Amino acid sequence: MAGRGRRLLLAIALLGGCAHVQDVTGVATQQDLVQVQTDVTIAQQRAQRALGEAEAALAQVQRRERERDAQTEQRLAALGQRVEALTASVTTLSSQVDELNGKLDAMTRQPRAAAPPPNARAAAPPVTPSTPTPSTTAPSSGTPPAAEAPQNGTATPPVVASRPTTNALQPQDIYQAAYLDFSKGSYPLAIAGFREFLRRFPDQPLAGAAQYWIGEAQFALAHGYANAGQTQQANEALEQAVQEFRKVLANYPRSDKAPASLYKEALVLLELKQADAAQQRLQYLIDTFPQSEESTLARERLAALRPR
């Protein structure tokens, strides 16, 4: 205990700036001085180690905070991008719905506006031979009649009969509008347009082609869903395409698009992993339409599908 107390006094003396150890104790050995220096060195090392550990802990805390902030910013950025994508999708769908509603509204109203009133002819007053009246009908040459001068000598302008309106939509108008939507990739609008055509003109010569393009539009929608990774929607569109292609042969067996609908139906069945059904449709195409171009394609496809 005495030696330890003496070393403590020596340390205090050294730290206090005493010039000589002897001033404190009166007696100092070389061994005591070395021991005190060793204790001071150990104390400094411990202090430095503690300082280093504190700095490392502080740096780790700061790093975790930065990582947490970075992750939060990434999540917020991803959420913002998702919200923007959903907003853009909603805007696109809304514009398509508005365009479709406008087109259907125009298709519905224009024929009604073009129709002449049923009682227009009956409302015209009869012309009697005894009463001289100006002519109200144009001659066959299309030239408006000249004005007749009344007995009082006052000139009157010629009277020209109103021509019936001719802006009623024709079947080709609706068909071409729907096909234009298809060519632009607006497949939902094209499907709606072709369905409207079939509803209005089910017996028109282009009806079979309109039904065929509905199947093609469903097929194209399925590819779009597949490219976007929406497997369920893609399969549903493929199933719908099969049904639409089958309607061509069922409802319009003499249509020029009947062979093409059979071939496309087989291709859709292949994408649905229904190889047996696809081969049956290809063989039916070959047997039913042996001279068609699609029959040649069907033979090539069958040769590739059947095992050698």
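Here are a few questions and answers on helix packing and aromatic pairs in this predicted model.

Q: Are helices α5 and α7 roughly parallel or roughly antiparallel?
A: The axes of α5 (residues 171-183) and α7 (residues 207-227) come within 11 Å and cross at roughly 20 degrees. Angles under 35 degrees count as roughly parallel. Therefore α5 and α7 are roughly parallel.

Q: How many residues of the contact of α5 with α7 are charged?
A: From α5, Tyr-175, Tyr-179 and Phe-182 take part, and they meet Ala-209, Ala-210, Trp-213, Glu-216 and Ala-217 of α7. The contact divides into 7 nonpolar residues and no polar ones, and the charged count is 1.

Q: Which helices does the pair of Tyr-175 and Phe-197 tie together?
A: The two rings sit 5.7 Å apart, centre to centre, with 65 degrees between their planes, an edge-to-face pair. Both residues are buried. Tyr-175 and Phe-197 are 22 residues apart in sequence, and because of where they lie, the pair ties together α5 and α6 (residues 187-200).

Q: Which residues do ring pairs link into a cluster?
A: The structure holds 9 aromatic pairs. The cluster linked by ring pairs consists of Tyr-179, Phe-182, Tyr-187, Tyr-212, Trp-213 and Phe-245.

Technical notes:
Residues numbered from 1 in each chain as written. Predicted model: local features only at pLDDT ≥ 70, side-chain atom pairs only at ≥ 80, totals over all residues. Heavy atoms only, no water. Axes fitted to C-alpha atoms, helices over the stretch in contact; angles between N-to-C directions. Helix = DSSP H or I, 4+ residues; strand = E, 2+ residues; numbered from the N terminus. Parallel < 35°, antiparallel > 145°, perpendicular 65-115°, else oblique. Contact = heavy atoms within 4.5 Å. Nonpolar A, V, L, I, M, F, W, Y, C, P; charged D, E, K, R; others polar. Phe/Tyr/Trp six-rings, centres within 6.5 Å; stacked < 30°, edge-to-face > 60°. Buried < 20%, exposed > 50% of the residue type's maximum accessible area, 1.4 Å probe, protein only.
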